[in-house]
Amino acid sequence: MTKKRLMALKLTVSRFLSISFVVAVCCLLSTSFSSLLSTSALAELSADQDAKFSLLSEPIQPIPLKIELDSRKVSLGKRLFQDKRFSGNNQVSCASCHHLSLSGADQIPKSVGTEKGFLNAPTVLNSGFNIKQFWDGRADTLEEQIDGPMTSSHEMNSSWPEVLEKLKASSIYESEFKAIYAEGITEASTKDAIATFERSLYTPNSRFDQYLRGNEDILTSNEKEGYQLFKANGCVSCHQGVGVGGNMFQKFGVFGDYFSDRGNITERDLGRYNVTQKESDRYAFKVPSLRNVVLTAPYFHDGSVETLNEAVKIMIKYQLGRPEKKEDVDKIVQFLNTLTAEVAGEQS
Amino acid sequence: MMTRKPIIIAAAAGAILVFLGLTAKSRTIDIESHLAYRDQLTAQLQHDLRANQNILNSRYALYSSYDPLVKELEQAQMIQMELGVVPEFLGRKGSQRLSEKLELSSREITNKIEITEEFKSQNSLLKNSLAYLPTLIEKLQQNGQGGQVEQLLGELLDQVLLYTLSADESLVPQINLKIDAVQAVIEGESGGPISDIDIALEHAKIILQNKPQVDQLTQTLLDLPTTTEIRELAQLYEQEYQAAVNRARLFQLGASVWLILLLSSAAYGALMLMQQRRAERKTSELFESITDAFIGVNDQWEITYVNAQAAQMLNQQPQSLVGQSFWTTFPEELGSQAKHHYEEAIAQQSMVTLELEYLAQGRWLEFHLYPGSDGLSVFWQDITPRKQAQNQLAASLNATQQAKEVAESERMNAETERAKAEAERTKAEEASKSKSDFLANMSHELRTPLNTIIGYSEVIEEEAKETGQEDLLEDIQTVRQSGEHLLGLINGILDLAKVESGKMELFLETVSLQSLMKEVTATIRPLVEENGNALVIKQPEDIGNLHADIVKVRQCLLNLLSNANKFTKNGTVTLALSQTEQPDGNWIHFEVSDSGIGMAPEQLEKIFDAFTQADNSTTRNYGGTGLGLSISKNFVDMMGGNITVSSELGKGTTFCICLPQTVLEPAQFPQPTQEGLKAEAVAGVNADRPVKQECPQPNTSSERTGCLILLIDDDANVRQLMQRTLSSRGYQVLVADNGLTGLELAEQHIPDIIILDVVMPKMNGWQVLVQLKADPALSHIPVILQTMLDDGRLGYSLGAAEYLPKPMKKDVLLGILEKYRLNSQGSPSALVVDDTLEARMLLERTLEKQGWNAQSASNGQLALAKLKQTDSLPNLILLDLMMPEMDGFEFIQALHQNEDWSAIPIVVITAQDLTISERQRLEQTVLGIHQKGSIDQQRLLKELQEIVNSAEVSSSTLTQ
């Protein structure tokens, strides 16, 4: 019996093998044909370069009139932005230093959180256009930036577990988060909501943007002159782009030594060096955006300058290496005034 | 089987799971995510290229925004993160390889971003100074008085501008020299707008310092292998993707193959199951139908099959025996004690037969062990009755032997001598047997030359008569008579030899005793009158029929009568017929008495021995072969009768043949030759059918319903006799008194065997046989022809129109030829087919003499070739049966396959004694007409005439 079965099995196997062979040959043929037909689309892509080379285009671009954002996240983020439970003592919210009514900053030289701080609070308006966050650019994104003030002992002095616990205690937050984020209240969702709100704080349609869009009459001749001086004096070599700044780092004190002239140098004055530890980054700071700049006094990272005129003068002296001309400064300040606009959401 | 089932189910489930797994694996390629990933790679490459363009733009454009550059790099970084999510279908290793490459490109992009930051800062400063320096120097020159400083500043500006445009590092020392020169002048002077000049120098220095740096950074940025990395990444991805696709296809292939395997094996399994079931059913049906007990044993000596008979013997249920060990289950005395036989069967791979006594049941069993490739088939049957019969036979033989021994001892008084004599007797018997065999086989060889001798002497005798050579005539007649005597002698010896070697066959038929007596009387009367004797016939008026081998009865009577006549001169020869009633039926007595020389008692003792006459001198005085009585005695014995003699020297002799009025089939006589004969007869009808199984020996079949025999015979006596005989042996018998009824019964009951009489009214046996063979439902049934045919009638049964026994008598041949001449138009033609040259020549000469066109062929093959060639078919074929290449039987068959040829009448001329099997073999091809034969030549001629005429009619009907 066993012999017969073995024989039958052998017969079966050999039959199957022959069938399999035929099938295999068929499949392999079809495979090779299809692979012959498919060509690598990627190989041709390098040739496709369609970037526009416009050397004469203006160095400053208008802020987009409309940026699409999830309005639910924006409104949730706005509430979170103003929620003082983010601080250890439940006294400080993001808005404590970035007053939404005060153009996203606090108008004091050095901000005060749970304690007095060391730096001037940069405005939250148009912060979405910044290449990095903080004066030294230590945060790559707005989301990442949130950690800084929240955990800083003198700013909000709190931690994520603490904050999330507090947020979760609120049934309203619970349901609002649930409506947007499947995972509910988490560090990521909270950050996303706040950052989305912050990105909604763009200020389009300034008079200068309208000018850029072709409305030449919207600016006075002085303002137009100011813009030309802004360019001629070399300001625009750093303050350019949509944000009129905010997209690069530059050493503070190219001509002359600003810090020794000012005196009382602190660790914070090392700027970007604190982040990169590169010698070339010593005293380098993120070039701040000049959007709404007239509203965000006092100026510089140390909040040491009260007026915009003064600030322009310092820039011309230390950064541009030019003799100071009062007329020019005034006109430049007049131009800078045209960069002021209201937050998009509040306009509508 | 039971233990295999879960395994099979598990295997099937496993196979399906594997198939599903393979299918899942083959479907892993998500084309959406593949396209998305490829788009990302494409976009990444574009971002990198645009970033490079923007770097150049920032470097060389007067006013520019870094936003596009920043945006490109930001997006590149973002895409890089998204690329980190590798499509799942690449597999673990593919993902790993891609991630490694991705990390390299990410590092390059991060590097690029960092360098870009430095580039932006430096570039901004450079641009500021480059923009301002010309303006400032121009202003200084306008304000100044065209002094040395202004001139130097002008040269400085030129060189700086040249430097910025040409990147000629050799200008740097010159510019530095100019700067130093200006500073020297400034230090010499005092007041004025010195600060402006200082500022100009500062800017010049910044340009000198930053310009190579920015150029360096720009070069570095453009040289960064980001593009290459991204391209390589894309290539790697494409490779991995292709690999994954191939893998998926492989799995798809695997799944397809597996599916095929799965379906094939399912189908195969189902097929095998069906086949197995069918085979099992068939086997079990077969096994159950086997009347022998049967046990199948596998190579592990486990019982695999037990049929009902075997189980019954073992007193167990068949199912409970399956799977048991043969040695423990089977009774020791039949199994383990005879183990070496079983092992021998396996070892030799040959059938082993053994007889064992099963003491527990007091039975003798005969075992047949058939080894197979995977075990042993054990059949056995109960042979107790046979053994008992053997034992009884042995006992009676012993008794006879003892009686003989007593008688012998009385005469010889020496036991050793008796044993010696016995041994010698056995030896002599053996010698006699071999002699008989030899003689029987010689029949053909002896008769063939005699045929030529007698035939030619007849021809010469004729010619001598015609040419008036009277002197030769007597010599020729002597030759012929001697030949005829020799033929008689040979025939006698052959008959005797056949009887002694057990090759003589009986053909029982029923004839009227009256006609038999008439025939015999007519034949012997001329001889009796020749010797001057009176022939007296005594017979009752209504004595009825005799069922016996009439030819042999006739031969015996003629023997006795010619003997009586031979030893009587001018006396009386008497043939008296009488009938007596005995317990076992009626007996017929033929008494032949003469008034001749008579015999002494001592002569009577050996009167029936072969080659013995009453006196050695007898042969010389009276001629004869001395075989007649011996043959007669043998014939009568064969028919269950006896022959007696009483004589008185000088007064006459009386022989008496006593026969049962209905002679029984040879099977009833304890003659081994008859056994063989019957078996041969049945086997000859349908050699393919194992008759033994279908219709077993009576002593083993008593418990069964038995095999059904249909008996078709018009003779009521025969029917009764056969029915009784067969029933008593366990056969079921159906009877029919004519062919039509027989056919009806055959259709209704599908008997196992049909016994068919040939000579019947209305529808004869041949017609019945033809119909039986034409019916598919009945054609398989073996038919035993219950005929009394002599060899002579075989010719007709072959489809021959005529039959002539060799040595042929010329006048008979001439008579036949005459008849065919009458039937044919113009010059008749004949084809002679015979392998013996002399016979051919003789026939040709004879035919030509009678005005026939004769052609000849030495075997059937050549004869067929001749028929094919010739335009006009012969009117007659004279055919020998025993020929090389193609013998007479085959020739007839071949002839019958051709419509034109089958109508040609055939005359078979043979010296051959045909066995029944040969006869049966031929009968199946035959649409023959048949009638009883006769040794009376004139009557034979007359009958032949009738047969031929009717054959002519039927064949002419056919050809129309």
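Two strands pair if DSSP finds at least two bridges between them. Strands (E, at least two residues) and helices (H or I, at least four) are DSSP runs, numbered from the N terminus. This is a predicted model: local features need pLDDT of at least 70, side-chain atom pairs count only at pLDDT 80 or more, and totals for chains, interfaces and linings use all residues. Residues are numbered from 1 along each chain as its sequence is written, and chains are lettered from A, ligands numbered from 1, in the order in which they are written.

**Hairpin in chain B**
- β11 (642-648) and β12 (652-660) of chain B pair antiparallel over seven bridges.
- S646(B) stands opposite T654(B) in β12(B).
- Three residues lie between the strands of this hairpin, and G650(B) takes a positive phi near 90°.

**Five-stranded sheet in chain B**
- The sheet is open and antiparallel, in the order β2-β1-β5-β4-β3.
- β2 (303-306) and β3 (352-358) of chain B are the edges; each has a single partner strand, so one side of each lacks a neighbour in the sheet.
- Eight bridges join the antiparallel strands β4 (363-372) and β5 (375-382) of chain B.
- H368(B) has F379(B) in β5(B) as its bridge partner.

**Largest nonpolar core**
- A nonpolar core is a set of buried Ala, Val, Leu, Ile, Met, Phe, Trp, Tyr and Cys residues joined through C-beta atoms within 7 Å; buried means that 20 or more other C-beta atoms, placed from the backbone, lie within 10 Å of a residue's own.
- The largest has 65 residues; L133(B), L153(B), L156(B), V160(B), A200(B) and A204(B) touch the most other members.
- α4(B) gives the largest share, twelve residues.

Methods: Buried ≥ 20, exposed ≤ 12 C-beta atoms within 10 Å, placed from the backbone.
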